[in-house]
Amino acid sequence: MAAGLLVLMWPARALRSDNFVFYLPSTRAVIPLETIDQAQYLPLLPVLNVVGKVGAIQEKRETLKVWFDEIPLELRVNDKTVRVGKARLALAQPVRRPRSQWLVPVDFLAKILPQITRDKVEYQTGTRRIFVGNVKPVTFGVRVDRTGNGTRVTVQFSDKVTVNTASSNGKWYLYLGDQPVEPLEQSYRFQDSHLSEIQFDDQDGVPKLILTPAAGGLNFYPTLAEGGKILLADIVTPPPPSPQQPAPASQPTVATTPGEAAPPPAGEAAPAVAAGPPLPVVVLDSAHGGEDPGGRARDGALEKDLVAQLAARVRLAILATQKYRVVLTRVGDINVDLDHRETITNTARAVAFFSFHAGNLGITSPRVMVYSYRPPQAEEGDDVSKALLIPWAKIYQTQRQPSRQLATAVQQKFGQIPGVTADPPAEAPIRMLRSINAPAVAVEIGSLTEDADSAPFANPAFLQQIAGAVAAGLEAFRGGTT
Amino acid sequence: MTTRAKILSVILFFVLMGSAFYLRVLTRRIFFRPPPEHTEEVARTRLSEAALQSATTPVQTATLYFPSFENGNLTEEQRSISWAASETDRIRQIVLALIEGSHQGSSRVLPPAASLRAVFLAADGTAYLDFSGQTRSDLRPGIASESLAVYAIVNSLAANIPAVKRVQILLDGQRVDTLGGHTDLTEPFAPGPARLAAGP
């Protein structure tokens, strides 16, 4: 009896919880994650078999030797290091072997997988999906607008998608076809009378959006526009039952209440719950990442780490205003190419864009410069600001003045930080700012050179001051109080 | 064996030995040539070589621009150069002088390891400078440093060679997005401001 109770009450050391999705050019695989001591683990051999070919295996009591595409890997139980060829690479958590299964912590994907596979690996730390090989995932941004009798959801995808809809348990499911999808945010919550949440889910290997209505009995009418790049979905309160109002013969939408597929006429009574407007989006870009470390200080500090720390603090400072949502162009130590960063920003329909850098700004340190875009050629050519279709490479022309104003607003706040040299706003031909359809500035802190230590500008207090100044500058630019 | 045959054998032996030695030296030169050391001395040597090729022309003063990171601007520097006859050679002379570095303590434009693979000057005034990929790996990182380096090259060329209106920088023969992740190299550069920051 006592033994039985003990078995029942004994805390589980390993709990199977979620899945990890591997997206490859022609296939995808779902591998269950295991949680051990609050760390997430993946089974090693299934992972290697998904992304490549395991040649041979030598397993002893405490060690495992695997030849992966002719590269030897050697692991030891409860050891945080893994031998890859002749190098030893450290993991955040030790290797485990419960139930004779070799498990590696999830950071194996970021630290070791890129070393042993020839394919491009794109993985954002903290997510549960990885893209291996020539896979270009689709991203999307979400916008919610009030209409006369309901709410319109606009989902803008970075590429064409196909959508199949379904309804289950009072929620609407939008299956996004076979395209690999990388969400900018896992879920979006709204204070709206018709929609409370949009959640992205691909835990079963099938990317989908799950819309949770704010109330029961609402109708849902999704349609694809622009060849599959935009999804428009109207969520409306159904009209009161009336025998004179038959349902349309063909309705390309899904209604939660069968037989009430027709949207109500305009002028419907106002919803009971007052809807809040969707929060504007600010995009923060940490330069470099992954195999591109950017600059390096004498003490070994890397630009990619410094700017990621700064962006994280800026994010918190902006979120503290409760006026914006924040999207990051990179999360974790990965190299996101410039085109992808632009896509993330433009898809999110940002109201402001900040790109963070650290570089050589002379011997004065700490020092901050704020840049807006200046084209490489003084003569800008045709004025495209009134053109119907504007090439992405020229989109900066529509944003030069607001970008200058944003740079001025932020620089003024930097100038108020004691002990910091804040130069007047500058203009430079920065590639990252060229195709951003939003007021866009780059912030460079320094001086980061191999001749000096990073200490003057890498300390947390300084970064916090910079973060506060960026948030205050954004507020000043947007017309709020500082 | 006759005396004549002995003498011929000895001569043939030395000829064969000499041929073998020459073949060995030739093989080493072709297959085992050590990579050139990219030092300031090498840069100066290349500059001198370029200048010597045009020894018949008089020495003239060229205006070069070098970055000053402390001030966020370009500083002017005069340099005596014996101009080559052709404009593409003059472009090469300017770039080599920039690689050689400032004589007045300004910062570097390009690392000593930078090498110019080819130069073209198009009819529309666009000069194409094809640098080796090594140029990128030894660059000083940063927005200011990269932008000032590019403007130092473009402004120096435009100031001394009127035919140069724009400059397109290539790496290993390819158009690239940036040198080190910052400056937009997707299109040619016109001469730019000597100072990045606005105001006095």
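Mentor: Before we begin, two strands pair if DSSP finds at least two bridges between them, and strands (E, at least two residues) and helices (H or I, at least four) are DSSP runs numbered from the N terminus. This is a predicted model, in which local features need pLDDT of at least 70, side-chain atom pairs count only at pLDDT 80 or more, and totals for chains, interfaces and linings use all residues. Residues are numbered from 1 along each chain as its sequence is written, while chains are lettered from A and ligands numbered from 1 in the order in which they are written.

Trainee: In what order do the five strands of the open sheet in chain A come?

Mentor: The order is S14-S15-S18-S17-S16, with antiparallel pairing.

Trainee: And which are the edge strands?

Mentor: Strand S14 (164-168) and strand S16 (187-189) of chain A, each of which pairs on one side only.

Trainee: How many bridges join S14(A) to S15(A)?

Mentor: Five bridges join S14(A) to strand S15 (residues 171-175). In one of them, Ser167(A) has Trp172(A) in S15(A) as its partner.

Trainee: New topic: which residues of helix H2 of chain A are buried?

Mentor: In H2 (residues 44-51), they are Leu44(A), Val47(A), Leu48(A) and Val51(A). Buried means that 20 or more other C-beta atoms, placed from the backbone, lie within 10 Å of the residue's own.

Trainee: Where do the buried residues of H2(A) lie, seen down its axis?

Mentor: They fall within an arc of 95° (taken from the directions from the helix axis to the C-beta atoms), so they line one face of the helix.

Trainee: Lastly, how many residues of chain A are in contact with chain B?

Mentor: 34 residues of chain A are in contact with 26 of chain B, contact meaning C-beta atoms, placed from the backbone, within 7 Å.

Note on methods:
Contact = placed C-beta atoms within 7 Å. Buried ≥ 20, exposed ≤ 12 C-beta atoms within 10 Å, placed from the backbone.
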